[in-house]
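Let's take a friendly walk through a protein model together. Keep the picture open beside you as you read.

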Amino acid sequence: MSYDRAPEPGVGFFAGRHVLAEFDGVDPLLLNDLGFLREALESSLRDAGATICDVVAKQFEPQGVTVLALLSESHASIHTYPEIGSMFVDIFTCGETADPELAAGLLRDRLGALDARINTVHRGHPVPSETAR
């Protein structure tokens, strides 16, 4: 095993992008619709190149939904607040196959959010450029 931050053959780099987002101005009926939210998250992730392993969703009383997606690349989650037309989004992916920023943007568009704050945190070790590999 190497400790020079170079991965073993066939193993990816210890690096990822973590998208943290907040959407406002979303139709409260959509934010309380478990089936719609599950499909919106799944299709946004798939369209952004993510591989979905499993999805768990929970409807809360009197309102609100949480959807968690287990990805080959890591995970994604949403938690809604229909009473104020808002939601939190969390998408973390390792590797280069999935684009978490694209997934968040697609989800924003599918929900018709009037306002979105989307931030990306780069995690792990910096990935060397192709020329340095």
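**Rings, strands and a pocket**

Start with Lys 58, whose charged end sits over the ring of Phe 60, 5.8 Å from its centre. A charge counts as over a ring when NZ of Lys or CZ of Arg is within 6 Å of the ring centre and within 35 degrees of the ring normal. Arg 123 lies over the face of Phe 92 as well, at 4.5 Å from the ring centre.

Before going on, note that this is a predicted model, where local features need pLDDT of at least 70, side-chain atom pairs count only at pLDDT 80 or more, and totals for chains, interfaces and linings use all residues. Residues are numbered from 1 along each chain as its sequence is written, and side-chain values use heavy atoms, with hydrogens and water left out.

S3 pairs with strand S2 (residues 52-59) in the antiparallel sense over 7 bridges; two strands pair if DSSP finds at least two bridges between them. Val 55 has Ala 69 of S3 as its bridge partner. The hairpin of S2 and S3 has 5 residues between the strands, and Gly 64 there takes a positive phi near 105°.

S3 also pairs with strand S4 (residues 74-81), again antiparallel, over 5 bridges. Here Leu 70 has His 75 of S4 as its bridge partner, and the hairpin from S3 to S4 runs through 2 residues.

How are the rings of Tyr 81 and Phe 88 arranged? Their centres are 5.7 Å apart and their planes stand at 85°, so the pair is edge-to-face. Rings of Phe, Tyr and Trp (its six-membered ring) pair if their centres lie within 6.5 Å; planes under 30 degrees apart are stacked, over 60 edge-to-face, and the rest tilted. Tyr 81 is partly exposed, with a relative accessible area of 29%, and Phe 88 is partly exposed too, at 44%.

Finally, which strand gives the largest share of the lining of the largest pocket? That is S1, with 3 residues. By class, this lining has 4 nonpolar, 6 polar and 3 charged residues; Ala, Val, Leu, Ile, Met, Phe, Trp, Tyr, Cys and Pro count as nonpolar, Asp, Glu, Lys and Arg as charged, and the others, Gly among them, as polar.

Note on methods. Helix = DSSP H or I, 4+ residues; strand = E, 2+ residues; numbered from the N terminus. Buried < 20%, exposed > 50% of the residue type's maximum accessible area, 1.4 Å probe, protein only.
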